[in-house]
Structure formats: structure tokens, C-alpha cells
Amino acid sequence: MPRAEAVDSEMPSTSKKGTSPTPPKFVDNERVLCFHGPLIYEGKVLKKEFRDNEKEHAYWVHYAGWSKNWDEWVLERRVLKYSEQNLEKQRELKVAYDESMRAAKAKATGKLPKKKSLGSDTSSVNNMSTTDSRSSTPVMDQKSSKQKSSIKSEPVESDSSRRRRKNDYVEAESHYVSKQEVHIMIPEQLKIFLVDDWDSVTRQKRLVNIPARCTVDQIFDEYLKAKKKSDQNAIDLCEGLEQYFNTMLGPQLLYRFERSQYEQILKEIEGQPEKGKKKLTEYYGASHLMRLFTKLGGCLTYTNLDPEGIDTLKKYVEDFLKFMLKNSEKYLSLEDYGVSCPEYQRKPT
């Protein structure tokens with residue numbers, strides 16, 4: 001990306017203005033989403049211009065909930081339409097970013113596991129230092145700190161230090177923009193079950209019986225028994241899927257009607273002794289596991305696996321889905337859905 005885009009947010013545009021051969025994609029006062037470092041933030045277009053130097057439109061953007069000191073010129077390649085699909089991308093990047101921060105912290109304290117699971121790499125910024133990430137992330141001033149924001153961050157470095165590091169995050173940002181989504185091929189019969197699952201919960205107001213008749217952990221165990229014991233990739237896959245499932249269940253895999261049930265389970269887990277505390281994969285089963293695969297491709301897009309690693313991972317994910325299809329009569333049954341009581345249906349969602 002051109003260095004002209006990496007100027008401080010407080011500085012005015014210095015690029016040469018010109019006449020655009022194409023109309024801008026965004027208009028004044030439009031609600032948008034913008035890449036800023038490794039994450040995506042909500043913003044509003046205040047004004048726009050065409051840059052002759054970059055042959056591209058640029059927008060003066062104010063980030064929602066942040067000080068106006070963070071207003072900046074943003075090239076069109078960094079701006080996304082405000083849509084459900086892009087909001088989902090924003091959430092996935094935040095999950096991956098948080099995972100990378102936890103991994104970096106664990107590594108610093110010597111608690112990082114020696115073996116790295118094939119499917120457990122949820123980091124979208126492993127090629128960036130934690131200092132670089134923080135320095136490229138907006139921070140609220142005192143007046144705006146009470147406002148809600150979809151993404152929170154740690155305190156940033158000084159202005160002079162931030163200027164020195166601008167190029168680091170711009171390079172990483174272009175890495176995310178250029179990523180191609182990983183497509184997971186879900187067998188047609190499993191897609192039909194997912195539609196029935198949606199209908200049962202959202203329209204019929206039924207709930208999956210929890211604990212599940214066959215839990216996610218049990219499904220993983222049976223899959224590994226069906227594979228060769230020496231197949232380390234299959235083991236790594238199950239470990240990675242387990243991490244994704246436990247991380248994504250609450251924020252991404254539940255329908256609104258299921259949230260009260262989920263909160264009850266969390267309370268039950270909180271009341272358990274620390275050593276014997278159960279995981280969500282010991283409560284939930286195949287219905288919720290299948291929902292994970294509708295989200296997994298977007299998450300894998302932002303891992304730091306090389307193309308060969310991605311291909312291997314896709315191969316094993318699709319092999320696991322074939323196993324689910326082969327055993328669908330055992331794992332996937334609408335009889336696992338119970339009618340919710342009137343008291344539950346009256347609970348706010």
C-alpha cells in the first residue's frame with residue numbers, strides 16, 4: 001500500500017487531488033466499516049476526494065465511539081460496506097485477534113503448549129508483534145470512553161512512536177484484504193439437516209436437549225477410533241475444532257431463542273470445582289457442531305497457515321464431514337429437540 005495512506009490521523013490529506021474516472025463507492029454520511037491495523041471498525045464517511053497519486057478514492061472517516069483525533073483519510077481499498085457479511089468478518093477477526101493475544105501472553109509466560117494443533121491456529125496476526133498491533137488500534141479519550149464500541153483495545157504508544165510503526169500495520173492490513181476465503185464443502189444431506197435445525201429452533205420454538213445424547217467430545221473420540229491411531233493430523237483437527245467450538249458457541253453458533261438455555265449451562269459450569277469443570281463440548285452435540293462448519297471457512301481465512309497447510313486442513317475437515325454424513329442417523333435426529341415450556345418461552349431473548 002502507498003505510504004501516503006499511512007499518515008497520522010490528525011494530519012490533513014497531502015496527496016494530489018484529481019478528477020475520478022469512476023464514481024466513489026461510498027457517499028458522505030454513509031455508515032461503513034474500515035480496516036484499521038488487524039481489525040475492522042465501524043465508521044462514518046465525512047468527506048471524500050480522488051487521489052491522483054493512488055488512482056483511488058479516499059474518505060475522511062470518523063470512527064464510531066472514538067475521539068475525533070482518530071479521524072483519518074482512508075483509501076477505498078480499506079473501506080467495506082456496512083453489511084451483515086462484513087460484520088461477521090469483523091467478529092471473526094476480533095476472535096482471531098484475541099486468540100493471538102492470549103497465545104502471545106502464554107508464550108511470554110512459558111505456558112504455551114509445545115505441540116501446535118493443525119486446526120487450532122486461530123491467530124490472524126501472528127506475523128505482527130503485540131506492540132505493532134496496539135500501536136495501530138484506536139483508543140478512546142476520556143470524553144468518549146463511556147461510549148459503547150464493538151471492539152476494545154489496549155492503550156497505544158505515543159504519537160511519535162505510532163508514526164514510526166505505521167508502515168508495519170499497513171503491510172499486515174493488505175495481507176488481510178488480499179486473503180481469499182476458505183470454502184468448506186458441506187454435503188447436501190447435512191445442509192438439509194441444518195435447515196431443519198434452524199426451523200426447529202427459530203420457528204417451532206424447540207430446544208436441543210442438553211446434555212446431548214451424543215456430545216461433541218464423544219463424536220471426536222469415535223471419529224479418532226475410526227481413523228488410524230498414528231494419524232496425528234486427525235488428532236490435531238479434533239483438538240482445533242474443540243477450541244473453535246468452545247470459543248465460538250456463545251457469540252456465533254446459537255440462535256437467539258437458545259441463549260437462556262446457554263446461560264443456564266454456563267451457571268452450572270461456574271458452580272463446578274475448578275479441577276472437574278466441564279467444557280461446552282461435554283454438553284452440546286452434533287446439532288451445534290454442524291453449525292460450526294458454516295462459520296469455519298471464514299475463520300480459517302485469517303490463520304497464518306501456508307496454502308499447503310490450508311489444503312491439508314480442508315482435506316481433513318471434509319473427511320470429518322464425510323464421517324458425520326456416514327453416521328448421520330446416529331448423530332443427527334430431530335428427536336433430540338424438545339418442546340420448550342411456556343415459562344422458558346416467556347423469557348426475554
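**View 1. Thr281 in the loop between helix H7 (259-270) and helix H8 (286-300).** Helices (H or I, at least four residues) and strands (E, at least two) are taken here as DSSP runs, numbered from the N terminus. The model is predicted, so local features need pLDDT of at least 70 and side-chain atom pairs count only at pLDDT 80 or more, while totals for chains, interfaces and linings use all residues. Residues are numbered from 1 along each chain as its sequence is written, and side-chain values use heavy atoms, with hydrogens and water left out. Thr281 has a relative accessible area of 0% and is therefore buried (buried means under 20% relative accessible area, exposed over 50%, partly exposed in between, with a 1.4 Å probe and protein chains only). Leaving aside neighbours within four places in sequence, Thr281 is in contact (heavy atoms within 4.5 Å) with Thr215, Val216, Asp217, Glu242, Phe245 and Asn246.

**View 2. The buried residues of helix H5 (residues 216-226).** Val216, Asp217, Ile219, Phe220 and Tyr223 are the buried residues of this helix. They lie on the same side of H5, because they cover an arc of only 160° around the axis, the arc being that of the directions from the helix axis to the C-beta atoms. An α-helix has 3.6 residues a turn, so residues three or four places apart point the same way. The buried residues of H5 pack against helix H6 (232-253), H8, helix H9 (307-326) and helix H10 (328-331).

**View 3. Helix H7 and its cover.** The end C-alpha atoms of H7 are 16 Å apart, in agreement with the 16 Å that its 12 residues should span at 1.5 Å a residue, where the expected span is 1.5 Å times one less than the number of residues. Ser260, Gln261, Tyr262, Ile265 and Ile269 are the buried residues of H7, and what covers them includes strand S6 (206-208), H6 and helix H11 (342-345).

**View 4. Glu318 in helix H9.** With a relative accessibility of 22%, Glu318 counts as partly exposed. Leaving aside neighbours within four places in sequence, Glu318 is in contact with His183, Ile184 and Met185. Glu318 and Phe293, which are 25 residues apart in sequence, are 9.7 Å apart in space, C-alpha to C-alpha.
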